[in-house]
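Hi,

Here's the structure I said I'd pass on. Have a look at it first, then read my notes below.

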Amino acid sequence: MLIVDTEVYQNYFLALFKDLDSGKYRAFEMYEGQALDIPSLKRTMSSNTTVSFNGLSYDLNILAAAIDGADCARIKAISDEIIRSKLPSWRVAKSMGVSVPRNWDHIDLIEVAPGKASLKAYGGRMNAPTMQDLPIDPNAMIAPEQRLELKRYCRNDVDTTELLYNKLKGAIELRAQMSKQHGLDLRSKSDAQMAEAIIKHELEALTGKSYRPQKVEPGSVVRYAGPDMIYFEGQQLRDIYWRILKSGFPIWTNGSVRMPEWLSETKIRIGETDYQMGIGGLHSCESSRAIVAADDEALADFDVASYYPSIILRLKLAPEKMGKDFLQVYQGIVRRRLEAKRSGDKLTADTLKIVVNGSFGKLGSMFSALYAPQLMMQVTLTGQLCLLMLIERLEARGCKVVSANTDGIVVLFKKTQENVVDEVCFDWMLDTSFELERADYKGLYSRDVNNYIAVKKDGSTKRKGVFSEPGLMKNPEFTIVSDAVAAYLATAKPVEETVRLCRDITKFIAIRRVDGGAVWREQYLGKTVRFYYSTEVRQDENIAYAKNKNKVPRSNGARPAMTLPDVFPDDVHHDRYIALAREALKDMGIS
């Protein structure tokens with residue numbers, strides 16, 4: 001298995017491979033006086049599994065052109081057309097006479113990785129030793145002494161791709177397993193793409209039909225069909241529900257459903273909490289609030305298990321052209337997942353969970369065979385209305401709902417009301433056929449509904465939004481601050497102690513995407529920058545946008561860390577991070 005990346009210039013071509021077993025590199029180069037070893041490059045591609053980042057759209061077409069005998073200038077022209085054209089890359093390649101061999105075995109990580117980021121950003125999120133932008137303008141002519149510089153840059157990209165592959169190895173293994181079961185190559189697909197491919201494949205096997213995306217005219221209007229399980233006691237919610245049933249939901253040019261303006265602006269007050277509905281889901285409107293359960297109180301989080309898939313099955317929702325056949329396939333996948341879960345077959349259970357959950361997103365994609373915007377709206381609105389039913393019932397029985405978001409609520413109640421809460425939740429589950437899962441908290445500390453820390457009974461924490469643990473989904477943002485805040489909330493450990501005792505520089509960095517690239521002290525850093533706060537950098541000095549010299553947000557007093565230091569720096573500005581932690585606590589309602 002080989003990692004591969006390419007560099008393309010008017011007078012220089014490089015294909016660099018790294019063997020994952022041996023760690024050795026091999027470079028194929030072409031420039032004036034150096035012919036490309038086409039037979040060897042061809043064998044390398046045809047006799048190995050290759051791994052790339054964006055290879056299906058770019059590198060494979062470039063490699064195919066090089067193997068077909070294109071010179072550097074021709075490869076550059078193909079590269080420019082792929083990058084600049086708004087057409088699919090395969091169509092561009094075909095128009096330019098490029099054909100990727102069918103026998104090439106390739107895994108592309110760009111869709112498997114969550115978060116839709118650049119390779120540089122993923123590198124930063126994984127704490128790659130070095131983050132580096134292309135060091136030479138892509139339209140430049142490469143001098144002999146610059147070839148080594150480009151090889152070093154390409155090697156860093158290959159190493160970063162290897163890091164990402166190792167991070168995604170479990171997800172790729174799941175896809176490989178599903179590929180064998182279904183006779184499809186799913187290794188380079190996102191969760192939603194894999195779900196669509198499997199459902200479409202099973203449908204075609206069942207019906208013998210082929211399925212294409214449904215055509216829905218932009219500007220057309222869809223309506224919500226109220227299911228029989230929706231019922232409200234209070235007049236406020238009855239009126240809102242009635243208006244929803246009477247309203248039209250227009251389709252945007254991108255194929256998505258637009259929420260009526262009146263609904264998106266309506267705040268629904270139940271008890272002491274305000275709620276807002278949206279196409280994405282219900283959310284409460286709290287901010288800067290700390291809720292701690294007293295000795296005689298319980299603070300419980302109730303999440304609906306597999307909410308959207310459960311709604312699809314409960315309401316028997318199916319894309320128009322697929323009908324009951326879709327439901328038969330979908331129900332079969334859900335059943336096989338539950339059977340695998342009960343039997344301890346974790347691999348099958350996990351893969352089918354991806355299919356069940358991933359298919360929902362495709363209901364809103366106009367390029368998907370599962371595209372059905374009316375069903376997308378039907379699912380999300382039903383989810384919100386059912387949660388509002390549960391909230392109304394709990395509040396009517398004297399329980400206080402303090403937060404709600406998409407598929408769950410948090411409830412504060414007296415321990416003497418435990419039977420009341422159980423009764424309300426049980427009745428709601430009977431009425432809706434949905435299942436609630438409960439977790440108990442000591443406290444819930446919110447900057448707002450999407451950014452909070454919940455302290456569990458065992459002292460561990462659940463962190464969301466800006467306070468969440470770093471990972472592939474988001475850029476790190478001074479993780480030491482949320483670590484210090486979480487430790488203080490869970491154990492009363494002073495934030496100063498957490499900050500000053502930490503010797504991991506990756507906890508102190510932030511990463512920013514900078515359009516047009518960033519500079520610091522006249523040095524170009526790149527389009528994705530990594531930095532930490534330094535005692536040796538003046539507070540009026542900052543990292544700036546290269547194009548207009550404006551400040552990169554939160555970079556005043558920061559030192560770039562494009563290459564991570566081997567030892568913890570002496571100039572880390574601990575006091576600034578301590579101040580940020582105290583500010584975060586204040587934003588959560590803790591003075």
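How far does helix α16 (residues 479-491) reach from its first C-alpha to its last? The answer is 18 Å for its 13 residues, close to the 18 Å expected at 1.5 Å a residue. (That expected span is 1.5 Å times one less than the number of residues.)

Before going on: this is a predicted model, where local features need pLDDT of at least 70, side-chain atom pairs count only at pLDDT 80 or more, and totals for chains, interfaces and linings use all residues. Residues are numbered from 1 along each chain as its sequence is written, and side-chain values use heavy atoms, with hydrogens and water left out.

Back to α16: ten of its 13 residues are buried, meaning under 20% relative accessible area with a 1.4 Å probe, protein chains only. Among them are I480, V481, V485 and L489.

Now the whole protein. You'll find 18 helices and 21 strands; these are DSSP runs (H or I, at least four residues, for helices; E, at least two, for strands), numbered from the N terminus. Buried residues make up 52% of the 591. Take contacts (heavy atoms within 4.5 Å) between residues at least 6 apart in sequence: 64% of them join residues at least 24 apart. Finally, the C-alpha atoms fill a box of roughly 85 × 70 × 50 Å along the principal axes.

Cheers

How values were computed. Buried means under 20% relative accessible area, exposed over 50%, partly exposed in between (1.4 Å probe, protein chains only).
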